[in-house]
Amino acid sequence: MSGMTITRGVTRPARVHRAWIVGGVALIAIIGAAGFRATPGVLITPLQEEFGWSRGTIGFAVSVNLMFYGLTAPFAAALMDRFGMRRVVTLALALVAIGSGVTVFMDASWQLVLCWGVLVGLGTGSMALVFAATLTQRWFVRSRGLVTGILTAGGATGQLIFLPVLALLVESTGWRAASLVVAACALAVVPLVWFLIRDHPADVGLLPYGATEPLPPAAPATVGPATRAVRALRDAARTRSFWYLAGGFAICGASTNGLVGTHFIPAAHDHGMAEPVAASLLAVIGVFDIAGTIFSGWLSDRIDARVLLGVYYALRGASLLILPQLFSDSAHPSMIVFIVFYGLDWVATVPPTVALCRKIYGDDGPIVFGWVFASHQIGAAFAATLAGVTRDHLGTYDLAWYVSGGLCALAAVMSLRIARGAGSIGR
């Protein structure tokens with residue numbers, strides 16, 4: 001049974017399967033990664049006021065962060081296969097702490113790009129959703145979709161916890177205090193990861209949760225992590241389903257992290273709303289995102305993942321098309337309705353996308369998802385920069401919201417065209 005400990009050929013019941021402890025620590029790391037990555041959203045206005053940098057310039061630093069956050073993912077998945085989740089995530093937390101802490105000394109925009117863009121991007125990308133995909137594949141057989149949803153919801157939880165606190169810190173003591181808090185929190189997670197996470201259930205004499213017999217061991221690595229990641233991309237890129245998944249997820253990233261996650265606070269501020277209020281609204285999105293994503297994980301164990309993605313993207317597009325009419329100097333009821341609706345849909349796309357990658361690409365599923373996630377962040381990076389440039393030149397974000405809404409409709413169509421499984425991937 002999955003809740004049994006194997007000792008010298010004799011099984012004995014375990015009170016709590018170790019998978020839940022490993023998953024809990026992973027959840028803490030993912031919560032932190034999401035909060036660390038989202039921090040630049042509360043720094044845009046104070047950095048602009050202190051240094052005189054344009055929103056396009058700051059948006060470029062955010063774009064670099066998003067790009068590295070995504071492009072690191074497939075290589076991080078391969079590194080976890082080669083060196084283990086524990087080592088990779090510990091190093092990632094150290095990069096976040098260094099990148100965030102050093103920003104307090106910066107005085108030029110290229111330093112913002114290096115610290116928040118490169119270092120924090122690499123660190124958070126190494127413990128983002130590919131971490132969840134790798135962990136669930138190794139530690140869970142039963143309830144994989146549900147656990148994927150819970151870990152994915154950690155991103156929303158990180159946003160919920162960090163954004164309001166950091167916004168208040170920025171307003172009361174300045175943006176440097178917020179950067180130091182992020183660095184300290186990253187370091188605080190290191191002992192949990194190092195002492196409690198194990199790479200495989202067999203390392204502690206267990207079967208994966210829900211397994212009745214040991215899973216076939218993974219084939220020994222014959223190539224380096226980078227080569228394996230590139231080969232997985234090469235093989236997946238020969239299938240139409242990969243391009244539908246990657247294209248839809250690029251639009252997903254553009255419409256969430258790149259646009260709303262980066263520019264909602266300054267856009268609301270343009271209409272007279274105080275930044276802590278706007279940050280709180282963005283955090284409320286995180287509250288409902290938790291429920292929506294966990295429910296989506298539960299659904300992905302039961303309903304065709306392609307249909308789920310099509311519905312999610314269509315509803316998101318409709319909500320973005322009406323957003324420009326909702327901004328004002330206060331959080332009125334119509335905006336609250338948008339926040340609730342959009343929150344339920346924010347990253348509900350992740351569990352069905354992970355499920356499709358696993359179903360279509362098998363053992364390479366986590367690495368292929370890493371590449372799909374990379375497209376998510378590339379889309380987010382372009383949106384973060386282009387929305388900032390749009391605001392600089394037009395004085396409003398309206399065009400960005402409308403274009404994003406239209407792209408979401410396209411993503412809905414693409415999702416419905418994804419193949420059903422490995423037997424019909426289409427070449």
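User: Let's start from the rule: a salt bridge is a side-chain nitrogen of Lys or Arg within 4 Å of a carboxyl oxygen of Asp or Glu. What makes aspartate 270 and arginine 391 a salt bridge?

Analyst: Their side chains meet at 2.7 Å, N to O, and the limit is 4 Å, so the pair counts. Aspartate 270 is in helix α10 (residues 240-270) and arginine 391 in helix α15 (residues 365-394), 121 residues apart; helices here are DSSP runs (H or I, at least four residues), numbered from the N terminus. Keep in mind that this is a predicted model, where local features need pLDDT of at least 70, side-chain atom pairs count only at pLDDT 80 or more, and totals for chains, interfaces and linings use all residues. Residues are numbered from 1 along each chain as its sequence is written, and side-chain values use heavy atoms, with hydrogens and water left out.

User: Why is arginine 316 called buried?

Analyst: Buried means under 20% relative accessible area, exposed over 50%, partly exposed in between (1.4 Å probe, protein chains only). Arginine 316 has 1% relative accessibility, so it counts as buried. Its salt-bridge partner is aspartate 345, with the closest N and O atoms 3.1 Å apart.

User: And why is aspartate 270 buried, exposed or partly exposed?

Analyst: Its relative accessibility is 31%, so aspartate 270 counts as partly exposed.

User: How do you know how α12 and α16 run relative to each other?

Analyst: They pack at about 165 degrees, axes 8 Å apart; axes are lines fitted to C-alpha atoms, for helices over the stretch in contact, and angles run from 0 to 180 degrees between N-to-C directions. Under 35 degrees is roughly parallel, over 145 roughly antiparallel, 65 to 115 roughly perpendicular and the rest oblique. So α12 and α16 are roughly antiparallel.

Key
Helices (H or I, at least four residues) and strands (E, at least two) are DSSP runs, numbered from the N terminus.
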